[in-house]
Amino acid sequence: MTSNAALIARRNRTIGPYSPLFYTEPLQFVSASGVWLTEASGLRYLDGYNNVPHVGHTNERVVRAMHEQAATLNIHTRYLNERIVDYSEQLLATFAPKLDRVLYGNSGSEANELAIRIARQLTGATGIIVSDYSYHGTTITLAQLTTGLKTREPLGAHVRTLRIPDLDSDPRPESEVLAATLAELDAAIASLQEAGFGLSASLFDPLFSTEGMPRIPSGLVAGIVQRVRAAGGLVIADEVQSGFGRTGSHMWGHAATGMDPDLVTLGKPMGNGHPMSAVVTSEAVLDEFGSHNEFFNTFAANPVSAAVGEAVLQEMAAEQLQARAASLGAAARTRLEACAARYDFVRAAKGTGMFLGLDFAVDGAPAPELAKQVVEAMKARHVLISRIGRNESVLKVRPPLAFGAAELPLLLDALDDALSEI
């Protein structure tokens, strides 16, 4: 087995050193099963981070479906194939009735790019509103509105940002925070209109997860939606991180937060890591877009992808993974809230369902080094988590939904132990 140092050197000579790796000393995984990853040394790590293998690494049902369909037929999407239609019907059945049409792609970036393209065409405007700390993909359009990662592209002149408040760190009354945030949104919309861009859409992750899973004021999401629609824009919900039952309470994050989108974008969790994505929308939106564009994607939701997508939905139903996310998430949240009460450097527990975290602060200031210390300490205990947020001061616990009652105590006990050493 190639050593980590030798593999990193080869990687730098081919891929280059600019695609970041996790951890001060990166891990080299060679196999996986369920919620466990095996490193080249033979050590096993509990995966408390990766949402892309949504129903578990190398899930038997998904692997079997992929193998059987690939051994039978994989073909261009401009031919008829019943499996693609079957999957589309099953996927759309998980959405509200008004969201009854789907377009497929290969990545979340592609889905968000397409959703923005549709919004621009339907509204005749180009302006877009995102949060002031977010990430939605890697294309040039998305790089121009990325505020949560370093990119060489400047923020587009047609982009305005909205700071998403967090009641856990904002001392003002909730009503004052809500009013101030909506006033900022009103100013952003007015600025786009005055500059001649107009408003085509807002684009948010319903859980605001990259922003650190803030505790937002009641009525904020409804206020955003109302103002965006009043200005002629469409509402896009980026469900790459928050969808497919992760909240526990709802299948989709937008339903959990009342976002009521016009377009919903999905990414690789829909295929358990297989390159799949989708834009889900309404018949009226798709008819307006489709009547002016000959749009197709050669191998997006081809028969193999459709088989994989079906297998993910079947596994979720068979194992009741959404209900599991609700029950385990509630138990985990209780433990995290106890940590927040016990340790003065933990400002608050964060998140819902199986997307949780802890916010670190010292004397009221974000403490990213403490968060990093805990992430590394968890790695030493063979548990993978990460950190997020504007200051990278919020722990990120977002495991595959195959995470079970046997694994949850392992993660939480390791976390308690790591926190006790600070």
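Reader: Which residue in β3 stands opposite Trp36?

Author: The model is a predicted one. Strand β2 (residues 36–39) runs antiparallel to strand β3 (residues 44–47), and three bridges join them. In that pairing, the residue of β3 opposite Trp36 is Leu46.

Reader: Phe29 and Tyr45 form an aromatic pair; what is the angle between the planes?

Author: The pair links distant parts of the chain, with Phe29 in strand β1 and Tyr45 in strand β3, 16 residues apart. Phe29 is partly exposed at a relative accessible area of 32%, while Tyr45 is buried at 5%. The ring centres lie 5.7 Å apart, and the geometry is edge-to-face, with an angle between the planes of 75°.

Reader: How are helix α4 and helix α9 oriented to each other?

Author: The axes of α4 (residues 108–123) and α9 (residues 283–290) come within 10 Å and cross at roughly 80°. Angles of 65 to 115 degrees count as roughly perpendicular. The two helices α4 and α9 are therefore roughly perpendicular.

Reader: Which residues of α9 make the contact with α4?

Author: From α4, the contact draws on Leu114, Arg117, Ile118, Gln121 and Leu122. The residues of the contact divide into five nonpolar, one polar and two charged. On the α9 side they are Val285, Glu288 and Phe289.

Conventions
Residues are numbered from 1 along each chain as its sequence is written. This is a predicted model: local features need pLDDT of at least 70, side-chain atom pairs count only at pLDDT 80 or more; totals for chains, interfaces and linings use all residues. Side-chain values use heavy atoms; hydrogens and water are left out. Axes are lines fitted to C-alpha atoms, for helices over the stretch in contact, and angles run from 0 to 180 degrees between N-to-C directions. Helices (H or I, at least four residues) and strands (E, at least two) are DSSP runs, numbered from the N terminus. Angles under 35 degrees count as roughly parallel, over 145 as roughly antiparallel, 65 to 115 as roughly perpendicular and the rest as oblique. Contact means heavy atoms within 4.5 Å. Ala, Val, Leu, Ile, Met, Phe, Trp, Tyr, Cys and Pro count as nonpolar, Asp, Glu, Lys and Arg as charged, and the others, Gly among them, as polar. Two strands pair if DSSP finds at least two bridges between them. Rings of Phe, Tyr and Trp (its six-membered ring) pair if their centres lie within 6.5 Å; planes under 30 degrees apart count as stacked, over 60 as edge-to-face and the rest as tilted. Buried means under 20% relative accessible area, exposed over 50%, partly exposed in between (1.4 Å probe, protein chains only).
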